[in-house]
Amino acid sequence: MSRDQLLTAPDTALPTLRGAVAGLPSYVPGRRSAGTDIAALASNESHFEPLPAATAAVAAAAGTMNRYPDSAAVELRERIARHLGVTAGEVAVGPGSVGVLQQIITGLCDAGDEVIFAWRSFEAYPILVELAGARPVRIPLDDAEGHDLEAMAAAVNDRTRVILLCTPNNPTGVPISHERIEAFLQAVPSSVLVVIDEAYVEYADAGSGPDSLALYRRYPNVCILRTFSKAYGLAGLRVGYAVAAPAIAEGLRRTALPFSVSALAQKAAIASLDAGGEMEARISLLKEECARMAAELEAQGWRLQPSQGNFLWIRADAELLATLVDAFNGVGIMVRAYQGDGVRITVADPASNNRVLRLLAAHAA
């Protein structure tokens, strides 16, 4: 029997995907720009060019691409540790914070275990949980577009292994205060890992969210999750990290795919930490633009929650959402639509932002 006949024979059993994989929704990335007149505001990327020091570090390391990177990322972990005032043994790295989160869930969850998170929040959460064979527990946001911590605490049971707190929350931009998280930690069993996902923490106003390092030092079941993809502008290199109790961090390093963070990414991340002052200047410009846009949209009649990320969130029912998406598409502006919930708009350069403001002025109530 030929290969083609074997593959088409009715009684031939072919390999099948796991049920969890076959029914898994695909992560939907922000759409990419397809021309010079397109404003790509669907992904929460930095719209600044990479920091010069990061570009130089990548260029210098490019000649070593024939060699494997340091799988343990020792130099990077030591630099992150100095930056945060922890030890390298408390740091684990991975390909973006989403890669590290996969290491967390893989390391802590068996089939049937539960992971609690707010919804709507980062879309990769339920995908990673289901991929591990665990059960995602979605807790609706409160009326202020933030985490309902009381409902999340009430959802904890003996199968709960991990709780994800996204602050500022993606896509709504709402932070969780230090006091609320501390009260939450006091109500949650110490056997449950509480991950404070701070992908956008560099954009947040001081005091708007938690002092996550202080909470980590007081509560050993806290894990801090951060990334170089947003404010540091290294989205294309994929590098993120977690800070956790040494035993947990060691477990996260064990569950990491070997060599998952390239040598170029490691060098760029170190250089970016060393260029913190320049990054802070860029963040200040971005925050000024975000505040300008929010003020003008509110003057137009849009109701917004103050965003502590590099994006704005407009709550919209199905009819308004469809109208807005059609309008944005019609003028070449790519935004991120969340069916049934609203639209997220990344804050970019002033010219692109002005295009957004003009369009929304025409659709304001």
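Analyst: A residue counts as buried when its relative accessible area is under 20%. In a regular strand the side chains alternate between the two faces of the sheet. Keep in mind that this is a predicted model.

User: Which residues of β12 are on one side and which on the other, and are they buried or exposed?

Analyst: Gly 342, Arg 344 and Thr 346 are on one side of β12, with Val 343 and Ile 345 on the other. These residues are all buried, and both faces of the strand are covered. Counted along the strand, residues 342-346, five of five are buried.

User: Which strands are joined to β12, and by how many bridges?

Analyst: Strand β9 (residues 311-315) is joined to β12 by five bridges, and the two run antiparallel. In this pairing Arg 315 stands opposite Gly 342. Strand β11 (residues 336-338) is joined to β12 by three bridges, also antiparallel. Here Arg 336 stands opposite Arg 344. β11 and β12 form a hairpin with three residues between them, and Gly 340 in the turn has a positive phi of about 85°.

User: How many disulfides does the structure hold?

Analyst: A disulfide is a covalent bond between the sulfur atoms of two cysteines. The structure holds zero disulfides. For Cys 109, the nearest cysteine sulfur belongs to Cys 223 and is 12 Å away. For Cys 290, the nearest is that of Cys 166, at 16 Å. Cys 109 counts as buried because its relative accessibility is 7%. Cys 290 is buried too, with a relative accessible area of 6%.

User: Why does Lys 230 count as buried?

Analyst: The cut-off is under 20%. Lys 230 has 18% relative accessibility, so it counts as buried. This residue lies in the loop between β7 (222-227) and β8 (240-243). An unreviewed UniProt entry places the feature "modified residue: N6-(pyridoxal phosphate)lysine" at Lys 230. Beyond its neighbours within four places in sequence, Lys 230 is in contact with Asn 44, Ser 46, Ala 199, Tyr 200 and Tyr 203. A polar atom of its side chain lies 3.5 Å from the backbone oxygen of Asn 44.

User: With which side chains does the side chain of Asp 113 make a polar contact?

Analyst: The side chain of Asp 113 makes one with the side chain of Arg 159 at 2.7 Å, and another with that of Arg 161 at 3.5 Å. Asp 113 is in the loop between α5 (96-108) and β3 (114-119). At 3% relative accessibility, Asp 113 counts as buried.

Technical notes. Residues are numbered from 1 along each chain as its sequence is written. This is a predicted model: local features need pLDDT of at least 70, side-chain atom pairs count only at pLDDT 80 or more; totals for chains, interfaces and linings use all residues. Side-chain values use heavy atoms; hydrogens and water are left out. UniProt positions are given in the numbering used here, feature names are shortened, and annotations may be inferred rather than shown by experiment. Helices (H or I, at least four residues) and strands (E, at least two) are DSSP runs, numbered from the N terminus. Buried means under 20% relative accessible area, exposed over 50%, partly exposed in between (1.4 Å probe, protein chains only). Contact means heavy atoms within 4.5 Å. A polar contact is a pair of N or O atoms within 3.5 Å; within protein, one must be able to donate a hydrogen and the other to accept it, and residues adjacent in sequence count only if both atoms are side-chain atoms. A disulfide is a pair of cysteine sulfur atoms within 2.5 Å. Two strands pair if DSSP finds at least two bridges between them.
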